[in-house]
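Let's take a walk through this structure together.

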Amino acid sequence: GQSSRPTHVSGKDFNLSAEMSYAYNATLTTDANMAMLAADVAANGFLSAGNKDFAETMEKNLDVLWLLFGAYLVFFMQAGFALLEAGSVRAKNTKNILLKNVLDACLGGLIWWTIGYPIALGDMGGDSKANTAQPFFMDRIEGKGNHTYYAMWMFQWAFAAAAATIVSGAVAERCAFSAYLAYTFVLTGFIYPAVVYWCWGKYGFMSAWTDSSLPKPDNFVGGTGLIDFAGSGVVHMTGGAAALMGAIILGPRTGRFAPRTGEVQPMPGHSTVLAALGTFILWFGWYGFNPVSTLAFKYMQDAARAAVTTTLSACAGGATTLAIHVALKNPPDVSPALNGILAGLVSITGPCPVVDPWAAVLIGCIGGFVYYGSSRLLLKLKVDDPLDASPVHFFCGIWGVLASGLFARQEFVNGVYGTDKHYGVLMGADGKQLGVQLIGVLVIATWVCGLSGVLFMALKFMKLLRVSAEDEDVGLDSSHHGGDAYNFAASKPIQVA
């Protein structure tokens with residue numbers, strides 16, 4: 001998810017060396033060109049001048065393809081969110097939650113293009129050479145001549161859409177549509193871009209990807225910088241923190257807690273099938289989220305390691321959460337396993353390329369405990385989060401950020417971030433990197449909870465936050481969206497006289 005690794009990691013060059021640039025012969029087939037390159041290298045030990053442009057073009061095209069491939073996978077996660085959220089709410093609110101998912105992509109894309117991306121990755125501070133006369137749209141971004149310019153926007157847009165979608169699950173079944181539009185605009189256009197800028201931008205004070213020409217450690221909090229490779233904190237904590245504040249300020253769904261005893265009343269979603277299918281799609285999309293955050297085709301070993309750790313953490317999270325559920329004398333159920341998988345995925349998103357496989361399993365297991373415990377805690381506090389969005393994304397996101405400070409391996413940190421001085425405290429380092437991770441957690445939580453809390457309180461004060469009790473009882477599909485999602489009457493047999 002970070003923006004600057006290929007350009008700013010010390011000791012690693014983004015482009016091939018001068019000997020490895022190269023010119024493509026359009027009159028020959030691809031196989032013939034590759035054979036020509038092999039012969040050239042065998043004869044000369046390096047590429048001759050006539051073949052330089054071809055090698056450079058191939059590398060650049062592979063980088064663009066890699067980013068676009070990741071963008072498509074992460075965007076496909078919107079289908080997973082839609083199915084998971086639709087299946088987890090009652091049938092009378094299906095159209096409402098689906099429309100919010102649709103607009104997360106459509107409205108979110110326009111906001112991200114207009115103001116979000118320029119703030120997030122426009123490099124507006126320090127010695128930036130950004131075009132300050134054109135602060136909006138994509139005009140402020142440096143490096144329009146860079147071969148990944150458009151591909152990077154696509155990749156980062158998919159991440160922004162994912163962050164915004166997290167909130168809709170926590171406020172489902174009772175949030176007014178006008179409030180949804182307001183928080184989507186503020187989150188995608190301002191709150192999330194600021195976190196991206198701080199943690200992944202070239203001039204961000206917590207960024208591990210700062211410009212190597214800047215003095216260190218003056219330009220970040222210390223250590224390696226925040227190790228949050230694909231966004232346990234940047235994406236998931238941000239979305240989860242906003243979701244938590246929305247659920248608290250909006251209040252529980254009518255009837256969720258018994259009036260006298262406060263006992264939790266079950267409100268199961270209408271389709272476990274949709275929820276399960278959505279979770280598997282999200283898992284699939286996570287292979288764009290984590291491995292493709294390497295951003296360049298040359299870092300395939302890091303991407304492969306990230307794919308393995310992502311898989312193992314998801315498996316461990318799902319199995320652990322189900323085991324906890326059964327150990328507490330509950331029957332084996334699908335929902336805990338599904339949320340456990342997501343908990344494992346969120347937990348490994350930040351440390352995915354810098355930990356060993358065994359550590360990924362442990363991170364996923366602990367993520368399962370973090371999810372299950374925080375979910376039960378919110379119910380004790382009478383906070384109603386229909387999809388457990390804040391336990392999965394906020395609390396497990398916190399754990400994912402801290403896990404890097406515990407388990408990051410020196411060799412992997414050096415390969416990914418270009419420094420071997422600061423890594424996991426349990427792997428033999430001092431506690432400095434863990435301290436940096438803790439600072440990152442506190443900064444993100446304070447920023448997002450503070451601003452989103454103000455936003456939701458303002459909407460509540462203006463009576464724009466929640467639908468009426470009557471509309472909630474009837475269902476938002478009928479009361480706000482022109483009818484139910486499912487036409488059950490059409491399936492009934494026609495009565496013939």
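Before we start, a word on what "helix" stands for here: helices are DSSP runs of H or I with at least four residues, numbered from the N terminus. Lysine 432, for example, lies in helix 14. Keep in mind too that this is a predicted model.

Now for the overall picture. The protein chain has 16 helices and zero strands. It runs to 497 residues, and 56% of them count as buried. If you take the contacts between residues at least 6 apart in sequence, 76% join residues at least 24 apart.

Two packed helices are described by the angle between their axes and the distance between the axes. Begin with helix 12 (residues 389-407) and helix 14 (residues 432-461): their axes come within 7 Å and cross at roughly 160°. Angles over 145 degrees count as roughly antiparallel, so helix 12 is roughly antiparallel to helix 14. The crossing of these two is right-handed. On the helix 12 side, you'll find Phe394, Ile398, Val401, Leu402, Ser404, Gly405 and Leu406, and they meet Leu434, Gln437, Leu438, Val441 and Ala445 of helix 14. Sorted by class, that contact has nine nonpolar residues, three polar ones and no charged ones.

Helix 11 packs with helix 12 at an angle of about 145°, and their axes are 9 Å apart. Here, too, the crossing is described as right-handed.

Is the crossing of helix 7 and helix 12 left-handed or right-handed? Helix 7 passes helix 12 in a left-handed crossing. Among the residues that meet here are Gly233, His236, Met237 and Gly240 in helix 7, and His393, Phe394, Gly397 and Gly400 in helix 12. This contact divides into nine nonpolar, eight polar and no charged residues.

Go back to lysine 432 first, in helix 14. Its relative accessible area is 41%, so it counts as partly exposed. Leaving aside residues up to four places away in sequence, lysine 432 touches Gly222, Gly223 and His422. Glycine 223 is 209 residues away along the chain, yet the two C-alpha atoms are separated by 6.1 Å.

Helix 8 (residues 272-289) is where you'll find alanine 275. Is alanine 275 buried or exposed? Alanine 275 has a relative accessible area of 7%, so it is buried. Beyond residues up to four places away in sequence, its contacts are Leu83, Leu84, Gly87, Ser88 and Leu338. Alanine 86 is 189 residues from alanine 275 in sequence, and the two sit 7.3 Å apart in space, C-alpha to C-alpha.

Tryptophan 286 is in helix 8 as well. With a relative accessible area of 1%, tryptophan 286 is buried. Not counting residues up to four places away in sequence, tryptophan 286 touches Met77, His236, Pro291, Thr310, Leu342, Leu345, Val346 and Thr349. You've met one of these already: His236 is part of the contact of helix 7 with helix 12.

Let's finish in the loops, with two lysines. Lysine 329 is in the loop between helix 9 (300-327) and helix 10 (334-349), and lysine 463 is in the loop between helix 14 and helix 15 (469-474). Lysine 329 is exposed, with a relative accessible area of 78%, and lysine 463 is exposed at 73%. Look at the backbone there: phi is near 65° for lysine 329, a positive value in a residue other than glycine. For lysine 463, phi is near 60°, again a positive value.

Note on methods
Residues numbered from 1 in each chain as written. Predicted model: local features only at pLDDT ≥ 70, side-chain atom pairs only at ≥ 80, totals over all residues. Heavy atoms only, no water. Axes fitted to C-alpha atoms, helices over the stretch in contact; angles between N-to-C directions. Parallel < 35°, antiparallel > 145°, perpendicular 65-115°, else oblique. Left-handed = near helix turned anticlockwise from the far one by under 90°. Contact = heavy atoms within 4.5 Å. Nonpolar A, V, L, I, M, F, W, Y, C, P; charged D, E, K, R; others polar. Buried < 20%, exposed > 50% of the residue type's maximum accessible area, 1.4 Å probe, protein only.
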